Amino acid sequence: TGAPADGGLTCAACHRGADVNDGRGKLMILVRDYKPGVRQRVRVILEHPDAQRWGFQITARLSSNPAQQAGTFAVTETNQVRCADGASAPCNGLREFAEHYAASTYPGQRGRAIWDLEWTPPAAGAGEVTFYAAGNAANNNRVNTGDFIYTTSTTAAEQSCNLTTTPRLTSIRHGASFLEGPFALNTMITLGGSGFQRPGQSFTVEGQRSEERRVGKECRSRW
């Protein structure tokens, strides 16, 4: 991934081609600031005009201690997770690296590749997190020559909550009719109560569906 705490090693240790970050391609990490313990999406995008196969690896570290793992990556259909000792996840606190499967290298695909990862942030108080990634924009010649390696990093800040008490729910109603439930799947609802975030303050949430599921789960546990 090029993480300094890991010696700055990248895919270039095995894959030969142009200089790292040669300027013709680009590697990007898209991640928003995090809420402690709340799973969110991390997107990795790799671009190159000539590449026909793609690979990546990413790790998340505490900015205050780059040798320390920050949060955990989930294993999905498009990515696996390897631990610092070479084993597969769960890593139980060891440094971990999310990376492609053979099937998610997209042989023959041109222009760019995108991988969406699920990352659960660390607990409150961890502070800023730095993501380090390396990408291989390969030529699909089935050997380790003629490939283009890129590295990048970005940070995500910890979002703080200014609520001093737990919000109190007193009603759950249909968002349009304001009638009480039951509700069909994907229904917009209106929550009534006290102790909520002050009006005029908001934050952007990626993946609206997952946020609605969390609200629904919380409501079901209270009602």
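Is Trp115 buried or exposed, and what is its relative accessible area?

Mentor: Trp115 is buried, with a relative accessible area of 1%; buried means under 20% relative accessible area, exposed over 50% and partly exposed in between, with a 1.4 Å probe and protein chains only. This is a predicted model, in which local features need pLDDT of at least 70, side-chain atom pairs count only at pLDDT 80 or more, and totals for chains, interfaces and linings use all residues. Residues are numbered from 1 along each chain as its sequence is written, and side-chain values use heavy atoms, with hydrogens and water left out.

The ring of Trp115 pairs with that of Phe56: the centres are 4.6 Å apart and the planes stand at 35°, so the pair is tilted. Rings of Phe, Tyr and Trp (its six-membered ring) pair if their centres lie within 6.5 Å; planes under 30 degrees apart count as stacked, over 60 as edge-to-face and the rest as tilted. Phe56 belongs to strand S4 and Trp115 to strand S9, so the pair ties together parts 59 residues apart in sequence. Strands (E, at least two residues) are DSSP runs, numbered from the N terminus. Phe56 is also buried, at a relative accessible area of 2%.

Phe56 is among the residues in contact with Asn79, leaving aside the neighbours of Asn79 within four places in sequence; contact means heavy atoms within 4.5 Å. Asn79 lies in strand S7 (residues 79–83) and is buried, with a relative accessible area of 0%. The side chain of Asn79 reaches the backbone oxygen of Ala74 at 3.1 Å.

Key:
Helices (H or I, at least four residues) and strands (E, at least two) are DSSP runs, numbered from the N terminus. A polar contact is a pair of N or O atoms within 3.5 Å; within protein, one must be able to donate a hydrogen and the other to accept it, and residues adjacent in sequence count only if both atoms are side-chain atoms.
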